[in-house]
Amino acid sequence: MRRYRRGDGGGAGEGLMLGEAALALAAAGGGAVVEAAGTDAWQGLQQAVARWLGRGDAQVEGREMERLDEAAAALVASDASDSEQIRSLQQGVWQARFTMALENMAAPERDRAAAELRALLASHAPPGPLTSAPGGLAAQPRRPS
């Protein structure tokens, strides 16, 4: 059984729970994927997210590009009756992917990856007003559809 504890400094695979700032970062990443789909920002964000998740593995990066393509297609194809549900589902999926990626890293790598993800979101997320999330992280609120 895996135990999760706040503030555990263990490495990859040691059941570590991310802090609030990292969880907010993962949530911002999920929101950015949803907001960028179908916009001019999509291609740059998609490539940057796939690279970030791939961590230097071209095969993983390719699979992430396919997952991102599928997510964007679902978001763009959704009609008004199911749009909010699809958006919520996709945001959760991508938030979970970012969270799991960060959880599976040892502390020093996780710190570097979190900084890279912050920079990625700052440079590739669609423009919009920013609000402060836990840990001082700038998080972009979801725009109404």
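These are my notebook entries on a predicted model of one protein chain.

**Ground rules**

I number residues from 1 along each chain as its sequence is written, and side-chain values use heavy atoms, with hydrogens and water left out. Because the model is predicted, local features need pLDDT of at least 70 and side-chain atom pairs count only at pLDDT 80 or more, while totals for chains, interfaces and linings use all residues.

**Entry 1: the whole chain**

I looked up the elements and found 5 helices and 4 strands. Helices here are DSSP runs of H or I with at least four residues, strands are runs of E with at least two, and both are numbered from the N terminus. Along the sequence the pattern reads β-β-α-α-α-α-α-β-β. Buried residues make up 41% of the 145 residues. Buried means under 20% relative accessible area, exposed means over 50%, and partly exposed lies in between (1.4 Å probe, protein chains only). I also looked up contacts, meaning heavy atoms within 4.5 Å. Among those between residues at least 6 apart in sequence, 61% join residues at least 24 apart.

**Entry 2: the core**

I noted a general point before looking: in soluble globular proteins, nonpolar side chains tend to be buried together. A nonpolar core is a set of buried Ala, Val, Leu, Ile, Met, Phe, Trp, Tyr and Cys residues joined through side-chain atoms within 4.5 Å. The largest one has 34 residues, and Leu 45, Trp 52, Phe 98, Leu 120 and Leu 121 touch the most other members. H1, H2, H3, H4 and H5 each supply at least two residues of this core. H1 gives the most, with 8 residues.

Then I checked Trp 52.

Gly 29 sits in helix H1 (residues 20–36). Gly 29 counts as buried because its relative accessibility is 0%. Beyond residues up to four places away in sequence, Gly 29 touches Phe 98 and Leu 121. Gly 29 and Gln 91 are 62 residues apart in sequence, yet 8.3 Å apart in space, C-alpha to C-alpha.

I then looked at H1 against helix H5 (residues 107–124). They pack at an angle of about 35°, with axes 10 Å apart. Axes are lines fitted to C-alpha atoms, for helices over the stretch in contact, and angles run from 0 to 180 degrees between N-to-C directions. Leu 25, Ala 28, Gly 29 and Ala 32 of H1 meet Ala 114, Leu 117, Arg 118 and Leu 121 of H5.

The axes of H3 (residues 58–77) and H4 (residues 83–103) come within 10 Å and cross at roughly 160°. H3 and H4 are therefore roughly antiparallel; angles over 145 degrees count as roughly antiparallel. Glu 64, Arg 67, Leu 68, Ala 71, Ala 74 and Leu 75 of H3 make the contact with Ile 86, Arg 87, Gln 90, Trp 94 and Arg 97 of H4.

I checked Glu 64, which lies in H3. Glu 64 is buried, at 4% relative accessible area. Leaving aside neighbours within four places in sequence, Glu 64 is in contact with Ala 50, Leu 53, Trp 94 and Arg 97.

**Entry 3: Arg 55**

Arg 55 lies in the loop between helix H2 (42–54) and H3. Arg 55 has a positive phi of about 50°, although it is not a glycine. Arg 55 is partly exposed, with a relative accessible area of 33%.

Technical notes
Angles under 35 degrees count as roughly parallel, over 145 as roughly antiparallel, 65 to 115 as roughly perpendicular and the rest as oblique.
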